[in-house]
Amino acid sequence: MARINSYNFAGEMPRIDPKLLDGRFATKALNVELRRGQIAPANLPADTGQTLGTATQTLSLFNREGNEGQGFWLEFAGDVDVVRGQIAGDTSLRTYYTGDGVPKITDATLATGGPGPYPSAAHDLGLPAPSGPPDVSGPDGEPPEGGQAIDTAYIVTFVSSRGEEGPPSAPSRIVQRWDGAAVEVTAIPVASGNFIVQSKRIYRAQSTGGYQFVAEIPAGQTDFSDSVESEQLGETCPSLDWIAPDPNMRGLTALPNGVMLGAFGNTLAFCEPYQPHAWPIRYQLAMAYDFVAAAVTSAGAVIGTTGKPYLVAGSEPAAMSLVPLDQIHACASKRSMVDMGEYVLYASPDGLVAVGGTDARLVTEPLILPAQFKQRFNPASIHAYRLEDRYLAFYNNGSERGSFSFSVEEGFRFYEVYADAAYLDEVSGDLYLCLAGVVSRWGAGAESSYTWRSKIWPSPLGVIFTAGKIDADSYPLTFDFYADGQLLHSRSVADGRAFRLPCARRYRHVQFELRGNAPVSNIQLASSMSEIR
């Protein structure tokens, strides 16, 4: 007497020998969904009808209300980080990105002003300092009786068409001025580059005071006569230490409180709050390893590097703390890092690493050996996304391309779908894929045909399994029965009644495989028809 009763199905656990697996787990779980404990078919991607214009590695949905409600797809051939600006009252959809040359900014007008591919245009992020100091000449003669001569110097800044203010010029030479007389400011530099400077601001410092606002002049104007009296000076120049982001900066990531993070080499950089064009040097932090990726959790930003991961926390850029975690788990792929809510998951050379708070753990260790992970997935190729509560990853190991979903409870599930790029719409929860130049939506198409192969079950000495039964929502299904690794019987199961298996020979181990597209809740094998329930 012997009986196998398989239910509450799970995915693959490659680390464990197939003979030692729990009966829930599979040795092959392809194109299956298992969220209800059933074996159920995964749905194929559905073509949205939207096409892309380039070989794409990065997708980002822009201006979802535009293009007759379909939005516009920003597409890039390389690995690009795209972040919507945290700008109060912004109606132009300012969007920032790194990884496509120098850091850039685009908006609704620039990005979609042409026929596509998008973005049609962008400007370099940040503004340069003027190329040199202005010339100045003070008033002739002496101050009138009761007047006071004051040592004065000038600086100039560029202001973009968006109101962004750049770093100051070098200060002018010092001249003496007094109220009631004019200082001539000349040879004011003119800007050039991939940005639009709309105006220039002139500031002056008197004696040991700070540089205070004098006037704003058009971008092309090169001289100004300053007769502004001391008590009429405006605010102190806010951009004295603001600089454009490093041209090699990548990994742009939005943090709370209007701050953005980026990196170059082993250096982390932070922008001035709500000023994404301004990246003061004093807000930079150095790490022992080079930056690879960043993602944000409730505990702070997790930084993946070529060595240890780091945790960055702080409410403002001047007070950011950088804490190296004890475990050395290098990030093998920038695009593999995914915010899973309370923790971050990313691919290391040895498996998937979960970082939550100050703890970093190799969470795939109980399910797959490091050597198996490297061989099966090629960690450097992985790009991944959060799909509900699962980690969905695409991989290319050189001989096979595909995708898998992972959770600690369900193990690995595999899909015959590969995409070079994907985008998770956080508003709708939909995942969009780039498939052969067409945008497709994950899981919105027809049901696929799944394969679920069981563990290797021992067959007690002298026992032969002669009957089987499959409880499914519909039929037919294909059932294959293996004995000691050889296919012994294959049949189409037409209904939920018990069926007979051949008594061809004795065997030590059995295994079965199910193929179809109908949900299955229970599979039974027994040594007699009377044992089937």
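**Close-up 1. A four-stranded open sheet, paired antiparallel, runs in the order 5-37-36-35.** Strand 5 (46-51) and strand 35 (421-424) sit at the edges with a single partner strand each, so one side of each has no neighbour in the sheet. On average, neighbouring strands here are turned by 30 degrees against each other, direction ignored; axes are lines fitted to C-alpha atoms (for helices over the stretch in contact), with angles running from 0 to 180 degrees between N-to-C directions. Strands (E, at least two residues) and helices (H or I, at least four) are DSSP runs numbered from the N terminus, and two strands count as paired if DSSP finds at least two bridges between them.

A word on the model itself: this is a predicted one, where local features need pLDDT of at least 70, side-chain atom pairs count only at pLDDT 80 or more, and totals for chains, interfaces and linings use all residues. Residues are numbered from 1 along each chain as its sequence is written, and side-chain values use heavy atoms, with hydrogens and water left out.

**Close-up 2. Strand 37 (residues 438-441) and its partners.** Strand 5 and strand 37 run antiparallel and are joined by three bridges. Ala 46 faces Arg 441 of strand 37 across that pairing. Strand 36 (residues 431-435) also pairs with strand 37 in the antiparallel sense, over four bridges, and there Cys 434 has Val 439 as its bridge partner. Strand 36 and strand 37 make a hairpin with two residues between them. In that turn, Ala 436 has a positive phi of about 55 degrees.

**Close-up 3. The second largest pocket has a volume of about 240 Å³.** It has a lining of 15 residues, with Tyr 343, Asp 389, Ser 407, Val 408 and Glu 409 nearest the centre. Strand 32 (390-396) and strand 33 (401-407) are the elements that give two or more residues to this lining. By class, the pocket lining has eight nonpolar, one polar and six charged residues. Here Ala, Val, Leu, Ile, Met, Phe, Trp, Tyr, Cys and Pro count as nonpolar, Asp, Glu, Lys and Arg as charged, and the others, Gly among them, as polar.

**Close-up 4. One cavity of 30 Å³ or more is found in the structure.** The largest cavity holds about 50 Å³ of space. Its lining includes Ile 105, His 123, Asp 124, Arg 162, Glu 164 and Phe 195. That lining divides into four nonpolar, four polar and three charged residues. On a 1 Å grid over the protein atoms alone, a cavity is a set of points where a 1.4 Å probe fits but cannot get out, while a pocket is an open set with protein on both sides within 12 Å along at least five of seven lines; lining residues have an atom within 4 Å of a point. Points are joined across faces, edges and corners, and the volume is the space filled by probe spheres set on them.

**Close-up 5. Two cis peptide bonds, Tyr 118 to Pro 119 and Tyr 475 to Pro 476.** Omega is near 5 degrees for the bond to Pro 119, which is in the loop between helix 1 (108-111) and strand 11 (123-124). For the bond to Pro 476, omega is about 5 degrees; Pro 476 is in the loop between strand 40 (467-472) and strand 41 (477-483).

**Close-up 6. Glu 68, a non-glycine residue, has a positive phi of about 55 degrees.** Glu 68 lies in the loop between strand 6 (58-62) and strand 7 (72-76). Its relative accessible area is 82%, making Glu 68 exposed (exposed is over 50%, buried under 20%, partly exposed in between, with a 1.4 Å probe and protein chains only).
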